[in-house]
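Take a walk through this fold, one element at a time. Keep the coordinates open as you read.

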Amino acid sequence: MNEGSKRGFRAYTAKHLDDLLRRGGLGDAERLRIRAVATVLPFRTNAYVVDQLIDWSAVPEDPIYRLVFPQEDMLPEADVTGLAGLLEAGAGNAEIQAAANRIRMRLNPHPAGQLDLNVPRVGREPVPGMQHKYPETVLFFPRQGQTCHAYCTYCFRWAQFIGEPDLKFASDDVDALVRYLKDHPEVTSVLFTGGDPMIMGEPVLRRYLEPLLDIEQLESIRIGTKSLAYWPQRFVSDPDSDDTLRLFASVVDAGKNLAFMAHFSHPRELDLPIVEAAVARITATGAVVRTQAPLIRSINDDPGTWSSMWRRQLTMGMIPYYMFVERDTGPQDYFAVPLARAYEIFRDAYASVSGLCRTVRGPSMSATPGKVCLDGVAEVAGQKVFVLHLIQARDPELVGRPFFARYDPDAVWLTDLRPAFADRFPFESFEPATVASRRLSA
């Protein structure tokens, strides 16, 4: 019996897609076009999502369905038609994948300088499976954690899942991570990310976490995960759930802040009692659960959805943390909400919750210079502008400094904006090599 069957976990992949779509009553032509999109964008879900979270009577409008199942209009019509024609004609896998790869390369698979600016180096050699964008934080991509219990259709890390080694971050060299941290005393926080680190069993997770507990400079360990929404059994009924929670407690006992960065996209993901039980078990270890998600058109693009999520998360013992703007990758045009509307949604949701929920920040763009927060719309010197600041930045000198952009009702990302009252934004005079050179000095 394999580990998945012992857990009761059943994954569905692209080979199951047509049968699952029949469950939603979709016709032959529509199913074919959705399968065509799934040759480009990765598809994976599981029985918990399919049976417990999706309202199949409301498909295709159901938000959880849209969260995990590709839609035919996520890609340009001509691309979908071409791929559907190949599928219908019974083309070989090599021909289909070649066509899919040509489309993928137009979708900006690694946004925000992930490949050229974020990868740390020792001497001139890149360190595999790591990113070091901000001086105090290192991201580590454990090799065994580079898949998920289910994939979100808007995931900005979709390139991790398509089987192209050149597009994937991954490492199982824990010793290299430890050496890098010791050589860089400015790093006080490590974020394990993916994929989803909680796809790993406890023995593998322990192998990555335990070596960090003796690193004195390290103040916090973060785990980025969607598991509370897509497989809460991981912390309640899986065979290694108790061992996993004991591991969490050992991190806290070692004096490290363990931050569980939980990804919730819609209130329905919080509804089932098992989610509340999982959260309670995690927080009982001393770990802190912080919540975040992007604002996504057709899934959560209204204030009531967000205020409902934040209030429910608070009562369950979680801390609302971030509302993100959908990144400039993958099917961004399909999911993006204009920044002006994003600010209105955030403001209206924020205004309708208590102060304890107002720990949340946003709407925030994780862009090349850093995390850019849209603070509002104002009229300054007779000009309508966006007011912004950097919550986090490659150049720490820019953190917290307000700046202005010309108001543009159609802008959906930082690169759509133009500076107001200046020739350039503050970060446009910043040389990325400055921070990179600091990392080369060790």
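In this predicted model, helix α15 buries Leu 339, Ala 340, Ala 342, Tyr 343, Ile 345, Phe 346 and Ala 349. What lies over these residues? The cover of the buried residues of α15 includes strands β10 (288–295), β11 (319–325), β12 (361–366), β13 (370–380) and β14 (383–393). Helix α13 (303–315) is also among the covering elements.

Turn now to a helix pair. Two packed helices are described by the angle between their axes and the distance between the axes. Helix α3 covers residues 28–37, and helix α6 covers residues 77–88. Their axes are 8 Å apart and meet at an angle of about 105°. Angles of 65 to 115 degrees count as roughly perpendicular, and α3 and α6 are therefore roughly perpendicular to each other. On the α3 side, the contact is made by Leu 32, Arg 33, Arg 35, Ala 36 and Val 37. On the α6 side, Glu 77, Val 80, Thr 81, Leu 83, Ala 84, Leu 87 and Glu 88 take part. By class, this contact of α3 with α6 holds seven nonpolar, one polar and four charged residues.

Next come the aromatic rings. A search of the whole structure gives 24 aromatic pairs. How are the rings of Phe 235 and Phe 260 arranged? Their centres are 5.4 Å apart and their planes stand at 85°, so the pair is edge-to-face. Phe 235 sits in the loop between α10 (227–230) and α11 (241–253), while Phe 260 belongs to strand β9 (residues 257–263). The pair therefore ties together parts that are 25 residues apart in sequence. Phe 235 is buried, with a relative accessible area of 0%. Phe 260 is buried as well, with a relative accessible area of 0%.

Another edge-to-face pair joins Phe 403 and Phe 425. Here the centres are 5.6 Å apart and the planes lie at 65°. Phe 403 is in strand β15 (residues 402–406), and Phe 425 is in the loop between β15 and α16 (432–440). The two residues are 22 residues apart, and the pair links distant parts of the chain.

Finally, look for a cluster. Phe 43, Trp 56, Tyr 65 and Phe 69 together form one aromatic cluster.

Conventions: Residues numbered from 1 in each chain as written. Predicted model: local features only at pLDDT ≥ 70, side-chain atom pairs only at ≥ 80, totals over all residues. Heavy atoms only, no water. Axes fitted to C-alpha atoms, helices over the stretch in contact; angles between N-to-C directions. Helix = DSSP H or I, 4+ residues; strand = E, 2+ residues; numbered from the N terminus. Parallel < 35°, antiparallel > 145°, perpendicular 65-115°, else oblique. Contact = heavy atoms within 4.5 Å. Nonpolar A, V, L, I, M, F, W, Y, C, P; charged D, E, K, R; others polar. Buried < 20%, exposed > 50% of the residue type's maximum accessible area, 1.4 Å probe, protein only. Phe/Tyr/Trp six-rings, centres within 6.5 Å; stacked < 30°, edge-to-face > 60°.
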